[in-house]
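Reader: I have a new structure to look at. Can you walk me through how to read its features?

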Amino acid sequence: MRLNISHLTKYEYDKPVHYALQQVRLTPKSQASQNVLTWDISVEGGRKQLEFMDQHNNHVTLISLNEDQPAISIHCQGKVETSGQSGMAGHQYGDTPLWYFKRSTSLTRPGGQIHDLVKSLADHARDDLTRLHALSGLVAKALSYEKGRTHAHTTAEDALRSGYGVCQDHTHVFLSAARLLGFPGRYVSGYLMMDDRVEQDASHAWAEAWAENLGWTGFDVSNGVSPDERYVRVATGLDYRDAAPVSGIRIGDAQESMTVTVRVQR
């Protein structure tokens, strides 16, 4: 499947900002399930400073805001050819050892809620893949999808306690529980072509867990499926902070507002 992707992120400030720097992880790479045909990042109100590969092999573009500008827009667009891999991302994991992906982070550290969720898996089948699919189903059942109940800093424990969340929260809860079960796990940010709409207000997120004899295997808890040809992988990490599409700093007391428009279509 050939997908056209457009991703516009706009930051506006109530007063000019003297300095701001953004790390942009919005460049997909060609790999087993996808071939990047074209990709371009353009900037208004700022400029590209440099590009590099981070510790998770994510392509990062460093963008600065032009001095005293009231807004900055980052527009990514391109074409990616995808193929169905039944959620299998393969055995390639670069130079990072698998034990690293068993680490908890401040967003995924398990507490009583996560431990209780894992205990309820005791009666499920013993093979890794069935167990992980069962875990995905349990997380989806425990966490109703609803926008506005959580934010970028909500932990897996807090989301599970509230019973609500979005794809980021589903992914954090799944990773926390999977690591508690002994599986290496990583957060994936990227794009999903929706069946019922072209325009979206955010990119997407899902989890990957390492299963013996299979390698990295994807689980989109929010949609109850493993990633197929509708998905484009962009960045990975231990949690959202490692794979966030845009993150950065600014100097000054200006109030910031952000709007995001994503379009994914065949």
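**Salt bridges, a helix and a sheet**

Author: Glutamate 146 is partly exposed, with a relative accessible area of 31%. Keep in mind that this is a predicted model.

Reader: Which residue does the side chain of glutamate 146 meet in a salt bridge?

Author: First the idea. Side chains of opposite charge can pair when their charged atoms come close. Here the partner of glutamate 146 is arginine 149, at 3.2 Å from N to O.

Reader: How many salt bridges does the structure hold?

Author: The count is 14. One of them joins glutamate 12 to lysine 10, with the closest N and O atoms 3.9 Å apart. Glutamate 12 has 35% relative accessibility, so it counts as partly exposed. Lysine 10 has 31% and falls in that class as well. Salt bridges can also form a network: Glu157, Asp158 and Arg161 are linked in this way.

Reader: Is glutamate 208 buried or exposed?

Author: Glutamate 208 is buried, and arginine 233 is buried as well. These two form a salt bridge, their closest N and O atoms being 2.8 Å apart. Glutamate 208 sits in strand S12, and arginine 233 sits in strand S14 (residues 231–237), so the pair ties together parts 25 residues apart in sequence.

Reader: What should helix H2 span at 1.5 Å a residue?

Author: Count the residues, then check the ends. Helix H2 (residues 128–142) has 15 residues and should span 21 Å. Its end C-alpha atoms are 21 Å apart, so the two agree.

Reader: Which residues are buried in H2?

Author: Arg131, Leu132, Ala134, Leu135, Ser136 and Val139. Next, look for what covers them. The cover includes helix H1 (112–119) and helix H4 (167–180). Strand S12 (204–211) and strand S13 (215–219) are also part of it.

Reader: In what order do the four strands of the open sheet come?

Author: The order is S4-S5-S2-S15, and the pairing is antiparallel. Strand S4 (46–53) and strand S15 (246–251) are the edge strands, each pairing on one side only. On average, neighbouring strands of this sheet are turned by 15° against each other, direction ignored.

Reader: How many bridges join strand S2 to strand S5?

Author: Four bridges join S2 (residues 19–24) to S5 (residues 59–65), and the two strands run antiparallel. Opposite valine 24 stands threonine 61 in S5.

Notes:
Residues are numbered from 1 along each chain as its sequence is written. This is a predicted model: local features need pLDDT of at least 70, side-chain atom pairs count only at pLDDT 80 or more; totals for chains, interfaces and linings use all residues. Side-chain values use heavy atoms; hydrogens and water are left out. The expected span of a helix is 1.5 Å times one less than its number of residues. Buried means under 20% relative accessible area, exposed over 50%, partly exposed in between (1.4 Å probe, protein chains only). Contact means heavy atoms within 4.5 Å. A salt bridge is a side-chain nitrogen of Lys or Arg within 4 Å of a carboxyl oxygen of Asp or Glu. Two strands pair if DSSP finds at least two bridges between them. Axes are lines fitted to C-alpha atoms, for helices over the stretch in contact, and angles run from 0 to 180 degrees between N-to-C directions.
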